[in-house]
Structure formats: C-alpha cells, structure tokens
Amino acid sequence: MNRSRLAPGAGIVTAPGDRPVLRTSEGEFLRIDTGRVGPGELVDRLTEGEGQASSAELDRLVAAFEEAGHAVTGPRRPPLTGRTVHLLGDPVLTEPLARFAAAEGAEVHPATADDVAGLAGERDTTVVWCLDSPVPEGLWDEADRLPARHTAWLRCHREGAHTWTEPLASAPGDVTAAHVRLRRLAATAAHRELAAYWAGHRTPDTGPHPTEPAAALIAALLTADLIAWASGEPHRGSGLPARRRLRRIDLRDLTVTEHPVLPVPAVAPLPVPTARTAP
C-alpha cells in the first residue's frame, strides 16, 4: 500500500509554541486542526519520518489532506502523460520544446505542414508550430481548423526582436491565429503597414534570432500552456487563461508581457446590392 506524502510544493510549518500550519503549493498558509492527533504524528505520516503511528482519527486527517489535493499517494505522474504533441517549425525552438514536453510525460513526434490536416479529430493531441520568422500568408489556415475538431493547436512566431506565443486553442470557438491577426490589426493605427509587413512587403530579416536562453524561455512558456491544457485548468493565480493569453517576449532583454485576446465572432456577409430599374 502506498503511503501518503505531501503534494509537491506543499509543506507543514510549525512556529515555536503554535499549532502547525499548512503552506499550500499556491503559497497560502492554512491552520491545521489536528484534534487529538499529535502534530509530530501527522508530520511523520506525510513525510519521510520514521513514525508508524496509525489511528482512525489520523487516517481521517490524512484523507482530508488527500481530498483537498495537499497529499498524494504513489509517484508523481507527469502532467502531460497520455498526451501527444506534434511539433513542426524551426529547430531553434522545436528542439528545446521537444525536450521539455517529453520531460513532462508527453509523447512527442516531429511533423510537417502536410501532416496537419490528417491530425484533425485526434483528441489528447496538440499540434505546436514554432517559427523564427513572421507567419507567411495562409500558412496556418489549415491548422486553424483543428480546434473545431477538438485537436489542440498552439503556435509561436517572431517579428523582428519580438517572439509572440499565441493562445492555445482546443475547442470550437477558441482563439485562432486568424483571430489574433484581426485583433492586432484592430488595435493599431498602423494596420495597413502591419498587414503589408505580414504579406512580405518588407526588407530582409535582420534578427535578432533567439539565443539559447531565449529559446529555453519560449519553450518553457509553451510547455506551461500545454500543461494547462492537459490539466483542464484555465489558469492558476492571477494570470490570464492559456486559451485567452497572447504573450510577447522581447528577445533583447527577455521581458514577457501578456495581453488578453478574445475570439472574433463570425459575422454575416454584407448583402449584395441589387440593381434598381427605373420606373
């Protein structure tokens, strides 16, 4: 039988002369009412202590820890266990992401643009596309259809000195790459110039390209989005949900800014004017 252990990030703090307090993995401090159970017995039961004490009251107390998620049994299960990640794009970004995703339990496969359409409808699967350049017109159109068939879709690209990580889309109605483009065009007075930049009417790229630390940062942020998707949790703490979060990483100083972004509702086409005949 596996013994219960404190969950990763949780701990029990005992101030001199006071009752024990649980510090949760989120950083909250919660007082523990141990009843007739000695604090030392509880600590030993939930850590590597030598104590083997057991009682109905201690068992109930440990069960309450487990129910609240502050204690676990057995080895840690990596959060991406049972999930498949198909990676395509530039190796400077996909290689560290492949390592990070695999370390969290994902089954990682390389993919190509021709593979994307065939992956639609595969649940527990994410397609991740990373570009060290702006996105060419139409390149992500096919991948934007994946969430409508419940295959998750995550992407990033670079524009000059900034890399953008776009919201993870995993269900119909989520934010697609096309939505992000529309929202960004609507948010700037230079919409004509931005559209021309995306369309390729620009001078040759001068970088900067992601350094090893920058690539590791970008890969870590994308891995965090994959973990949020796998856990089914929209977000933790006060940050934006992964499905509504656009990030900009400045490659010069590695600062990260977050921007909320929502889907763009579908609208009916404008009516076609009909010719009027003179009376």
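**Tryptophans in contact**

Hi everyone, let's start with two residues: tryptophan 140 is buried, and tryptophan 153 is buried as well. Buried here stands for under 20% relative accessible area, with a 1.4 Å probe and protein chains only. A word on the source: this is a predicted model, where local features need pLDDT of at least 70, side-chain atom pairs count only at pLDDT 80 or more, and totals for chains, interfaces and linings use all residues. Residues are numbered from 1 along each chain as its sequence is written, and side-chain values use heavy atoms, leaving out hydrogens and water.

Now, the aromatic pairs. Rings of Phe, Tyr and Trp (its six-membered ring) pair if their centres lie within 6.5 Å; planes under 30 degrees apart count as stacked, over 60 as edge-to-face and the rest as tilted. That rule gives 3 aromatic pairs. In one of them, the ring centres of tryptophan 129 and tryptophan 140 are 6.3 Å apart with planes at 55 degrees, so this pair is tilted. Tryptophan 129 sits in strand S8 (residues 125-130) and tryptophan 140 in the loop between S8 and strand S9 (152-159), so the pair ties together parts 11 residues apart in sequence. Strands, by the way, are DSSP runs of E, at least two residues, numbered from the N terminus.

Tryptophan 140 also forms an edge-to-face pair with tryptophan 153, at 5.5 Å centre to centre and 90 degrees between the planes.

Finally, the charges over rings: CZ of Arg, or NZ of Lys, must be within 6 Å of the ring centre and within 35 degrees of the ring normal. Arginine 181 lies over the face of tryptophan 198, 4.6 Å from the ring centre. Arginine 184 lies over the face of tryptophan 164, at 4.0 Å from the ring centre.

Terms used:
Helix = DSSP H or I, 4+ residues; strand = E, 2+ residues; numbered from the N terminus. Buried < 20%, exposed > 50% of the residue type's maximum accessible area, 1.4 Å probe, protein only.
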